[in-house]
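Dear colleague,

Please find the structure below, handed over for your own work. My notes on its contents follow directly after it.

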Amino acid sequence: VDGPPAVARAAAAAAELEELKLEWTGEIAEVQAPGAPAGAEQPHGAAGTEHDGGPKRPEAAWLEATRALGLHDVRFDFAGEVVDGERPTSEGLHHHGDDPERAGYTLGELAHLARSAFPAQRAQMLRTLAVVWSVQRSRSLRERVRRWCVDADAAMLMRVALDDATTTGTHAALAAMLALVELRTERSVEHILVESERAALAWRGYQTRFGGSGSTPGSESETDKEACRRDVLEGWCLRTQLCERLRYLLEAAELSTAAQQHALSLLCLAADHSPSLADAVGRTPRLLRVLRGVLEGADARTL
């Protein structure tokens with residue numbers, strides 16, 4: 001049973017995640033109101049804006065990364081492909097961004113709309129991001145799109161999106177998170193299955209699967225965003241309680257078969273990442289029992 005120190009750490013992590021959710025959903029005031037008296041106290045969350053040299057707001061990070069990587073003129077359609085030439089906005093690719101006469105969405109616009117107050121729009125933009133990341137893994141823009149995901153803190157946007165109160169939003173967030181991991185790590189569940197088959201035939205068996213892999217551990221002062229920039233899976237699992245969230249979704253939420261597949265894939269990729277994350281997955285309360293129930297269920301043959 002977890003002792004008081006473990007409970008205290010979990011409570012602190014949960015509180016920090018809630019603070020991040022407020023920041024990324026735009027519920028914290030951004031800057032002091034224009035015309036406020038000099039020296040007036042700023043609302044909570046206003047400190048640390050790009051105006052005083054502190055951490056950037058999410059929108060600032062998206063815009064800066066988009067322009068720095070030359071992606072501000074690159075627009076994508078709902079199939080994840082780059083919109084070339086003239087495409088009518090009547091195809092459903094209309095928007096209210098920087099160039100409303102041009103069809104398609106930039107990565108920055110997709111990230112912005114993924115925080116929309118309208119659930120259907122949030123889900124559609126998250127699904128579009130998932131498709132863009134999946135398709136662009138095999139395209140010439142792969143490295144720039146991958147770099148954008150790091151610099152724009154897309155991992156934090158996805159983790160906050162996973163706590164969406166709607167089923168469609170949760171499903172879309174799971175798809176986007178899996179696509180992001182596969183883009184950033186260049187690994188998929190298919191890789192794990194192939195390597196596991198080879199390991200079963202090897203002399204040392206599965207001992208060869210964990211050769212001290214994983215990223216260099218971060219410092220104690222590292223923020224959650226910095227951890228996710230350094231290593232997306234480690235940041236999610238060790239800093240933002242991803243394993244606990246996935247256990248809850250698999251145990252209590254009404255996930256579609258596809259959403260279950262995405263959740264299980266994320267857990268497989270985490271366990272395959274390194275011994276420390278495999279340990280984190282195994283030690284998550286009730287998770288292994290929940291996984292057994294899912295795999296023994298009537299739809300296990302489709303997973």
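Glu186 counts as partly exposed, because its relative accessibility is 45%; buried means under 20% relative accessible area, exposed over 50%, and partly exposed in between, with a 1.4 Å probe and protein chains only. The residue lies in the loop between α7 and α8 (189-201). Although Glu186 is not a glycine, its phi is positive, at about 60°. Gln241 is likewise not a glycine and has a positive phi of about 60°. Its place is the loop between α10 and α11 (242-252), and Gln241 is partly exposed, with a relative accessible area of 21%.

Please note that this is a predicted model, in which local features need pLDDT of at least 70 and side-chain atom pairs count only at pLDDT 80 or more, while totals for chains, interfaces and linings use all residues. Residues are numbered from 1 along each chain as its sequence is written, and side-chain values use heavy atoms, with hydrogens and water left out.

Overall composition

The chain has 14 helices and zero strands; helices (H or I, at least four residues) and strands (E, at least two) are DSSP runs, numbered from the N terminus. Of the 303 residues in the chain, 43% are buried. The chain exposes about 15900 Å², and carbon and sulfur atoms supply 54% of that area, computed by the Shrake-Rupley method with a 1.4 Å probe, where for residues only the protein chains shown count as cover. Among contacts in the chain with a separation of 6 or more, 64% join residues 24 or more positions apart; contact means heavy atoms within 4.5 Å.

Helix α10 and its partners

Helix α10 is mostly covered, with six of its eight residues buried. These are Val232, Leu233, Glu234, Gly235, Trp236 and Cys237. The buried residues of α10 pack against several helices, including α6 (154-161), α9 (224-230) and α13 (275-283).

Helix α7 (residues 167-185) and helix α10 (residues 232-239) pack at an angle of about 135°, with their axes 9 Å apart. Axes are lines fitted to C-alpha atoms, for helices over the stretch in contact, and angles run from 0 to 180 degrees between N-to-C directions. α7 is therefore oblique to α10; angles under 35 degrees count as roughly parallel, over 145 as roughly antiparallel, 65 to 115 as roughly perpendicular and the rest as oblique. From α7 the contact involves Met177, Leu180, Val181, Arg184 and Thr185, and from α10 Val232, Leu233 and Trp236. By class, these residues are six nonpolar, one polar and one charged, where Ala, Val, Leu, Ile, Met, Phe, Trp, Tyr, Cys and Pro count as nonpolar, Asp, Glu, Lys and Arg as charged, and the others, Gly among them, as polar.

The axes of α10 and α12 are 10 Å apart, at an angle of about 100°, so α10 is roughly perpendicular to α12. Here Leu233, Glu234, Trp236 and Cys237 of α10 meet Leu266, Leu269, Ala270 and His273 of α12.

Nonpolar core

The largest nonpolar core has 67 residues, and Trp236 and Leu250 are among those with the most contacts inside it. Such a core is a set of buried Ala, Val, Leu, Ile, Met, Phe, Trp, Tyr and Cys residues joined through side-chain atoms within 4.5 Å. Its largest share, eleven residues, comes from α7. Leaving aside neighbours within four places in sequence, Leu250 is in contact with residues including Leu255, Leu264 and Val290.

With kind regards
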